[in-house]
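The following note sets out numbered remarks on one structure. Please read them with the sequence and the model at hand.

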Amino acid sequence: MAATSENAEREKVVSKLPPWLRQELKVRAAELRVDIQDAVEAGIARWLDADVSTSQEVATSGAESFSTWLPVGMYDDLKTACADRSVSYVQGLAQAASLWLAEHPSPRAQAHRVPRRKVVGNQKGGVGKTAISAGLGAAYAEAGERVLIVDYDPQGHLSNQLGVKQIVAGEESLAKHMAGEAKGDIGDLIVALTGERFGGRLHVLPACADGFLLDVKLSQVRAREAALERALAPVEDDYDVIIVDCPPSLGLSMDAGLHYGRRRDGEPERSSGVLIPVQAEDSSADAFGMLMDQIADLQDDLQILINHLGIVVNLYDSRRGYIATSSLANWRSLGDPPVVAVVPDLKEQREAVRQHLPLLEYAPHCDQANVLRELARELA
Ligand SMILES: Nc1ncnc2c1ncn2[C@@H]1O[C@H](COP(=O)(O)OP(=O)(O)OP(=O)(O)O)[C@@H](O)[C@H]1O
Ligand SMILES: [Mg+2]
């Protein structure tokens with residue numbers, strides 16, 4: 001712990017931070033014209049003072065060496081506080097850095113509020129991605145938010161379920177916009193749902209069967225992981241929340257979907273990220289592991305952070321006995337990502353699909369509608 005002459009009151013501290021956090025610190029410090037060491041010092045001072053119960057766990061996987069200069073003794077104070085709070089030193093430093101970032105938002109983010117982006121994904125079919133996307137979107141719109149649900153699955157189930165016509169293959173589509181082949185305005189593809197309780201705020205970007213070729217198209221596209229972000233950028237200002245109903249696959253289009261949910265610079269933690277519907281049965285666990293691996297690889301490859309918004313255990317019926325109850329307990333025991341909702345298996349959902357209506361319009365007072373409203377509040 002040597003002190004240099006220009007840093008007479010400081011000592012060099014070598015610890016670790018995940019690369020995404022190091023990068024955010026570097027960018028934010030530059031934006032605000034602050035020295036990184038001063039930012040870290042201010043973050044630690046705030047963290048040492050902060051109420052322990054409000055500290056949020058920060059993802060630190062892949063943490064790499066990080067060194068800075070701190071006032072003499074500060075790092076020892078941090079280590080003592082880490083021990084008191086039963087967190088690792090790396091976690092303590094990461095929480096301090098995150099606190100500073102949260103309290104010093106990017107001037108760009110302040111000038112330009114981005115929509116919260118909820119990417120609903122799981123390559124396992126039939127677990128309720130579409131039902132949760134539609135229900136969540138309806139719950140946000142009902143609560144006064146401007147919502148776009150992107151039917152990102154060429155099967156077009158979301159479009160069908162909500163009574164929206166799919167785009168005819170050959171016409172301009174989301175896939176064409178992502179591939180850079182479209183000439184028109186992506187906003188022209190969007191359809192507003194008419195249900196009174198949504199006040200014209202619930203919009204859908206319909207699917208098109210050409211999405212089945214999206215992975216092939218994307219293989220030719222530059223910076224293909226950012227293709228969905230580039231395609232949707234022109235309409236982002238029109239929405240508070242954008243929900244992406246992903247297809248049951250793990251290909252390049254899924255990478256672009258996951259990338260769309262990455263935490264952007266200056267964005268609060270957990271505003272955006274991936275929400276994973278699962279079922280309370282054993283085969284869901286294998287699919288979940290593969291998706292988690294894909295997210296981890298993408299984060300490492302692109303040096304981005306994809307927050308986990310949580311797991312929704314869908315189609316739950318405890319009458320199915322031990323498999324259902326023990327699977328639910330297993331999902332809960334994961335802890336991170338947390339189980340944010342348990343949605344019962346209810347006839348109203350299937351009836352709403354048959355009627356091509358949002359569940360919250362077809363059966364606004366049913367249990368499932370209420371669970372989805374709670375989920376929207378929980379995710380914020
Ligand atoms: N909680 C629920 N209660 C009753 N039925 C449900 C519930 N959730 C989903 N369903 C029904 O189960 C079927 C599959 O759900 P959904 O289409 O949402 O799954 P998915 O994961 O999107 O499937 P895919 O992988 O094919 O896209 C649909 O008929 C849907 O209406
Ligand atoms: Mg679906």
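1. The protein chain falls into domain 1 (10–104) and domain 2 (113–379), with bounds taken from an automatic or database domain assignment. Their centres, computed over C-alpha atoms, are 33 Å apart. This is a predicted model, in which local features need pLDDT of at least 70 and side-chain atom pairs count only at pLDDT 80 or more, while totals for chains, interfaces and linings use all residues. Residues are numbered from 1 along each chain as its sequence is written, and chains are lettered from A and ligands numbered from 1 in the order in which they are written.

2. Where do the domains meet? In domain 1, 11 residues are in contact with eight residues of domain 2; contact requires C-beta atoms, placed from the backbone, to lie within 7 Å. Two or more residues on this side of domain 1 come from each of helix 1 (19–31) and helix 4 (89–103). Helix 1 gives the most, namely five residues. Helices (H or I, at least four residues) and strands (E, at least two) are DSSP runs, numbered from the N terminus.

3. The side of domain 1 that touches domain 2 consists of five nonpolar, four polar and two charged residues. Here Ala, Val, Leu, Ile, Met, Phe, Trp, Tyr, Cys and Pro count as nonpolar, Asp, Glu, Lys and Arg as charged, and the others, Gly among them, as polar.

4. Which residues come nearest to ligand 1? Of the 20 residues around ligand 1, they are G125, K129, T130, A131 and P248, a residue being near if its C-beta atom, placed from the backbone, lies within 6 Å. Helix 6 (129–142), strand 9 (308–316) and helix 14 (347–355) each supply at least two residues of this shell. The shell divides into seven nonpolar, nine polar and four charged residues.

5. T130 lies in helix 6. Is T130 buried or exposed? T130 counts as buried because it has 27 C-beta neighbours inside 10 Å; the cut-offs are 20 or more for buried, 12 or fewer for exposed, and partly exposed in between. Leaving aside residues up to four places away in sequence, T130 touches H157, L158, Q161 and D245.

Definitions and conventions:
Two residues are in contact if their C-beta atoms, placed from the backbone, lie within 7 Å.
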